[in-house]
Amino acid sequence: AVLNCNFGDFEKSETLHMECLELKRKMLGDKHKLTLKSLHAVATLHHIKGNYTEAQSLFEECLHSQEELLGRAHIDTLNTYKDLAFLYHKKGDQNKADLLLQTSHEKFVMTLGKEHPVTLSALNCLAVFHQTKGDYPNSKRLHKSCWEQRKLLLGETHLATLDSLNNLAIASKALGEYSEAEVHFQEVYRLRKEILGNTHPDTLD
């Protein structure tokens with residue numbers, strides 16, 4: 001199912017995911033952790049296909065069960081918070097999206113610590129969210145924090161660190177801080193060229 005989704009065959013992927021979900025419901029029950037993983041996968045597929053109403057219904061069902069079964073601080077629950085937040089954003093409900101992303105990041109910090117790679121991914125999502133709604137000052141602040149922490153944790157040449165630096169450059173450019181943006185873009189280009197090569201899509205980007 002995942003392979004078909006990766007290759008863009010969403011109809012076949014949905015058929016297989018639904019078959020897997022129904023089998024897990026019968027064998028394990030609606031509230032089992034593995035059943036909820038399949039439910040989350042089906043919701044994600046509907047999100048990718050643009051079926052936002054169906055995706056929202058499934059994500060909310062999944063979240064309710066995860067909170068009940070796993071607790072609000074479990075990593076699976078927090079990932080559903082994050083995915084549901086981006087769905088709300090796509091549907092134009094910025095207040096709900098902002099609240100959920102803030103909540104998920106705060107809980108990641110409490111559960112895993114602020115320097116855990118998963119927590120930093122949640123911080124990056126929050127920064128990207130502010131960027132997509134045009135809140136560049138907050139976006140820059142969060143991207144800078146994420147970049148600095150990733151640099152300390154993963155090293156300055158890690159691809160996730162470079163992604164954060166590139167996002168920081170984009171935010172700086174949007175704020176009209178062209179000299180700062182240029183310095184960051186040049187550093188990203190130099191390091192990506194060294195690590196990935198001249199012709200890699202990320203280097204060319």
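Modeller: The axes of α3 and helix α4 (residues 52–69) cross at roughly 155 degrees and come within 8 Å. Axes here are lines fitted to C-alpha atoms, for helices over the stretch in contact, with angles from 0 to 180 degrees between N-to-C directions. α3 is therefore roughly antiparallel to α4 (angles over 145 degrees count as such).

Biologist: What is the handedness of the crossing of α3 and α4?

Modeller: The crossing of α3 and α4 is left-handed, a term used if the near helix is turned anticlockwise from the far one by less than a right angle.

Biologist: Which residues of α3 and α4 meet there?

Modeller: From α3, K33, L36, L39, H40, V42, A43, T44, H46 and H47 take part; from α4, they meet Y52, E54, A55, L58, F59, E61, C62, S65, Q66 and L69. Contact means heavy atoms within 4.5 Å. By class, the contact of α3 with α4 has ten nonpolar, six polar and three charged residues.

Biologist: Before we continue, what kind of model is this?

Modeller: It is a predicted model, in which local features need pLDDT of at least 70 and side-chain atom pairs count only at pLDDT 80 or more, while totals for chains, interfaces and linings use all residues. Residues are numbered from 1 along each chain as its sequence is written, and side-chain values use heavy atoms, with hydrogens and water left out.

Biologist: And how do α3 and α5 pack?

Modeller: Helix α3 (residues 33–49) and helix α5 (residues 75–90) pack at an angle of about 20 degrees, and their axes are 12 Å apart. That makes α3 roughly parallel to α5 (angles under 35 degrees). α3 passes α5 in a left-handed crossing.

Biologist: Which residues make that contact between α3 and α5?

Modeller: K33, K37, H40 and H47 of α3 make it with D76, N79, T80, D83, F86, L87 and K90 of α5. By class, the contact of α3 with α5 has two nonpolar, four polar and five charged residues.

Biologist: Turning to the whole chain, how many helices and strands are there?

Modeller: The protein chain has eleven helices and zero strands; helices (H or I, at least four residues) and strands (E, at least two) are DSSP runs, numbered from the N terminus.

Biologist: What share of the residues is buried?

Modeller: Of the 205 residues of the protein chain, 40% count as buried, meaning under 20% relative accessible area with a 1.4 Å probe. The C-alpha trace spans about 60 × 35 × 30 Å along its principal axes.

Notes. Angles under 35 degrees count as roughly parallel, over 145 as roughly antiparallel, 65 to 115 as roughly perpendicular and the rest as oblique. Ala, Val, Leu, Ile, Met, Phe, Trp, Tyr, Cys and Pro count as nonpolar, Asp, Glu, Lys and Arg as charged, and the others, Gly among them, as polar. Buried means under 20% relative accessible area, exposed over 50%, partly exposed in between (1.4 Å probe, protein chains only).
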